Amino acid sequence: MSTRIAFLKGHGTENDFVIIPDAENVIDLPPAAVAALCDRRAGLGGDGLLHVVRSAAHPEARAMAAEAEWFMDYRNGDGSVAEMCGNGVRVFAHYLQRAGHVTEGDIAVATRGGVKTVHIAKEGDITVGMGKALLPEGDVTVSVGGRSWPARNVNMGNPHAVAFVEDLDHAGDLYTAPPFSPASAYPDGVNVEFVVDRGLRHVALRVHERGSGETRSCGTGACAVAVAAARRDGADPAVTGTPATYTVDVPGGRLVITERPDGEIEMTGPAVIVAEGEIDAGWLETATP
């Protein structure tokens, strides 16, 4: 390993990431190293890590190299591997543009969840194709304190329970996972979104992400909320034949979600690079026994 490792720090609606450029996949990033880098007190701090690798250089992405030159080797803040991160893809694409690897317009990014289509707009916002939502049947209820609400079960590749409430404070502190029933609906846990209306096709949310507690933004959660709101409002694009667009305010900013009549969902929002520098490889080695 080199004695110095280049890094950048970025965020998408305050969902923040450590970025490690490594085109030829030569940097060893075991889970302990990722966790050390994402540590908010002893490391650089981040909700996750974006390892930037050419698809042809990574064994998990070589089959996608013909479609997408770059692979987002995404890791959670605890070092575990994840398939996809909607906010992370926007930041990843912004880094590629900043580094001169791509220009504005349409690009493809390989992820463990497949190749994602990304559009970098001239004015700076980035749109990510998020795929289609699944709507499992069955009633679900979520609770906080003495209150309970019916929730819409939406799966965006990960599970979500979307509850419409009168006040976002009703969600409580969201440090712990809100109870839900029936338990069989989410055997591996669930992300829970509490949602209020702000105006016509304009909502705001707070979210408990499973394993993390409350976060400043959740891209798949914003998509799930828009899908649930469209069904509630009688604006299902598959029925109306016209796209449904919702503005979704998250604690860290604003996302715009559009669901098309074919079910495909697009998420548009900002991406920011805030810093770049070098990591001392010696420190990283001592931080990861």
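**Space inside and around the fold**

Reader: Which element gives the largest share of the lining of the largest cavity?
Author: Helix α3 does, with 4 residues of that lining. This is a predicted model.

Reader: Where does α3 run, and which other elements supply at least two residues?
Author: α3 covers residues 219-232. The others that each supply at least two residues are β15 (244-250) and β16.

Reader: Which residues line it, then?
Author: The lining consists of C223, A226, V227, A230, A244, Y246, I257 and E259.

Reader: How many of those are nonpolar, polar or charged?
Author: By class, 7 are nonpolar, none is polar and 1 is charged.

Reader: How many cavities are there, and what space lies in the largest?
Author: There is 1 cavity of 30 Å³ or more in the structure. The largest cavity holds about 40 Å³ of space.

Reader: What shows where empty space is left?
Author: A probe the size of a water molecule, rolled over the atoms, shows it.

Reader: Back to E259. Where is it found?
Author: E259 belongs to strand β16, which spans residues 253-259.

Reader: Is E259 buried or exposed, and why?
Author: E259 counts as buried because its relative accessibility is 7%, and the cut-off for buried is under 20%.

Reader: Which side chain makes a polar contact with E259?
Author: The side chain of R231 does, at 2.8 Å.

Reader: What else is E259 in contact with?
Author: Leaving aside neighbours within four places in sequence, E259 is in contact with V227, R231, P237, P243, A244, E264 and I265. Among them, V227 and A244 also line the largest cavity.

Reader: What about the second largest pocket, what volume is that?
Author: About 180 Å³. Of its 14 lining residues, T117, V128, G129, M130 and E266 are the closest to the centre. β6 (114-120), β7 and β17 (264-269) are the elements that give two or more residues to this lining.

Reader: Now α1. Which of its residues are buried?
Author: Helix α1 runs over residues 31-38, and A33, V34, A36, L37 and C38 are buried.

Reader: What covers them?
Author: The cover includes β2 (15-21), β3 (48-54), β4 (70-76), β18 (272-280) and α5 (281-287).

Reader: Last, the whole protein. How many helices and strands?
Author: The protein has 5 helices and 18 strands. Of its 289 residues, 50% are buried.

Reader: What is the radius of gyration, and what would a compact globule have?
Author: The protein has 19 Å, which agrees with the value near 19 Å for a compact globule with 289 residues. Along the principal axes, the C-alpha atoms fill a box of roughly 55 × 40 × 30 Å.

Technical notes: Residues numbered from 1 in each chain as written. Predicted model: local features only at pLDDT ≥ 70, side-chain atom pairs only at ≥ 80, totals over all residues. Heavy atoms only, no water. Buried < 20%, exposed > 50% of the residue type's maximum accessible area, 1.4 Å probe, protein only. Polar contact = N/O pair within 3.5 Å; in protein donor to acceptor, adjacent residues only side chain to side chain. Contact = heavy atoms within 4.5 Å. 1 Å grid on protein atoms, 1.4 Å probe; cavity = no way out; pocket = protein on both sides within 12 Å on 5 of 7 lines; lining within 4 Å. Points joined across faces, edges and corners; volume = space filled by probe spheres on them. Nonpolar A, V, L, I, M, F, W, Y, C, P; charged D, E, K, R; others polar. Rg over C-alpha atoms; globule rule 2.2 N^0.38 Å.
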